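Biologist: Before we look at particular features, could you take me through how such a model is read?

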Amino acid sequence: MSHRPLPPPPLRIGDLVVDPPILQAPMAGFTNAAFRQVVRQFGGAGLLATEMVNARGFVWMDQNEAEHPDRLWGVADEARPLAVQIWDNDPETMAKVGVRLAQEYKVSVVDINFGCPVRQVTEKAHSGSYLLREPDRMFAIISRLVEVCAPTPVTAKIRLGCSPENINANEVAHVVEEAGAAALTVHGRTAKDMFRGHADWERISEIKQHLKKIPLIGNGDLDSADKVVAAFKNYDVDGVMIARACLGRPWLFAQAAAALRGDEIPPDPTLAQQRDVMLRHYRLVVERFGEEKGTVLMRKYACCYAQGKHGARHFRSHVANVASAEEFYAVVDEHFPQDRPAVIA
């Protein structure tokens, strides 16, 4: 463990300065433009990211003159900095998408997903964390993207390995850097672990000594401002990435940024304020997808906003079936967790 003074310096990804060095993780099905807009309103995230985009699907849509993926909704007009994460196992397919993102969409960072453990991506498509067993192919993909995206920086996100018996993050880190990537993010679990157990920050920290010039970003289990501070204080990382914990708490980035500055950590919004944040989020989703599809999409977000609160299970059981705005608002009014009045003896 290192014991470094706070606050940490800004993170540099190529020519991009990420300050504070707190990143929002790309999460499939969650980190769309509506969610990112809510996060931006609270502040504190130095770099936001889209959901991961299937490069092959993007190319197909392009060739068939279909609308570009919903996962790129809002990207063209959104504030910067912004990273877009893509996945596939073919260097040329990835290059076709990367060059469009860099030149047409003018994104701040093109990130490559080598960490997704979901079977549909790994076993079926031989992509995501599956590629950790093929460092040569990883090198080919990264180096090709670096070539076509320049000067836009290309980064990579990995896990520690495919399984606890096959941890090869140190070797992979060397490959990522040699291929020309501008930063490496490491989730502290293996693909086989999925999201079970605890992220191994000791192993993340060890990777730093295998990198000569690019920054290391740690990811896993950061669910409080105190844990973000501890990650910088105790481990050899240049940046941190917050994932699942922010889905129902988009204000977590602002709390973490304040803690790193040594400022007083802002309290969580009241339950009434959290309800208002969720409703604003809902309106943004419906604005893009329409009432029917937007309401169905919002179910999972609503469950995140209620998570960990008194009455959350009861709320989830009701909101999981809503199909219209009228039903959604009725369930929120009746069942979203409320501030419980103090009991007077």
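Modeller: Let us begin with burial: a residue is buried under 20% relative accessible area, exposed over 50% and partly exposed in between, with a 1.4 Å probe and protein chains only. Helices (H or I, at least four residues) and strands (E, at least two) are DSSP runs, numbered from the N terminus. This is a predicted model, in which local features need pLDDT of at least 70 and side-chain atom pairs count only at pLDDT 80 or more, while totals for chains, interfaces and linings use all residues. Residues are numbered from 1 along each chain as its sequence is written, and side-chain values use heavy atoms, with hydrogens and water left out.

Biologist: Which residues are buried in helix 6?

Modeller: In helix 6 (residues 169-178) they are Ala169, Val172, Ala173, Val175, Val176 and Glu177. Their packing partners, where contact means heavy atoms within 4.5 Å, include helix 5 (135-149) and helix 7 (201-207). Just after helix 6, glycine 180 has a positive phi of about 105°.

Biologist: At what angle do helix 10 and helix 13 pack?

Modeller: Axes are lines fitted to C-alpha atoms, for helices over the stretch in contact, and angles run from 0 to 180 degrees between N-to-C directions. Helix 10 (residues 271-289) and helix 13 (residues 325-335) pack at about 170°, their axes 12 Å apart. The two helices are therefore roughly antiparallel, a term for angles over 145 degrees. Helix 10 brings Arg275, Met278, Leu279, Tyr282 and Arg283 to the contact, and helix 13 brings Ala325, Phe328, Tyr329, Val332 and Asp333.

Conventions
Angles under 35 degrees count as roughly parallel, over 145 as roughly antiparallel, 65 to 115 as roughly perpendicular and the rest as oblique.
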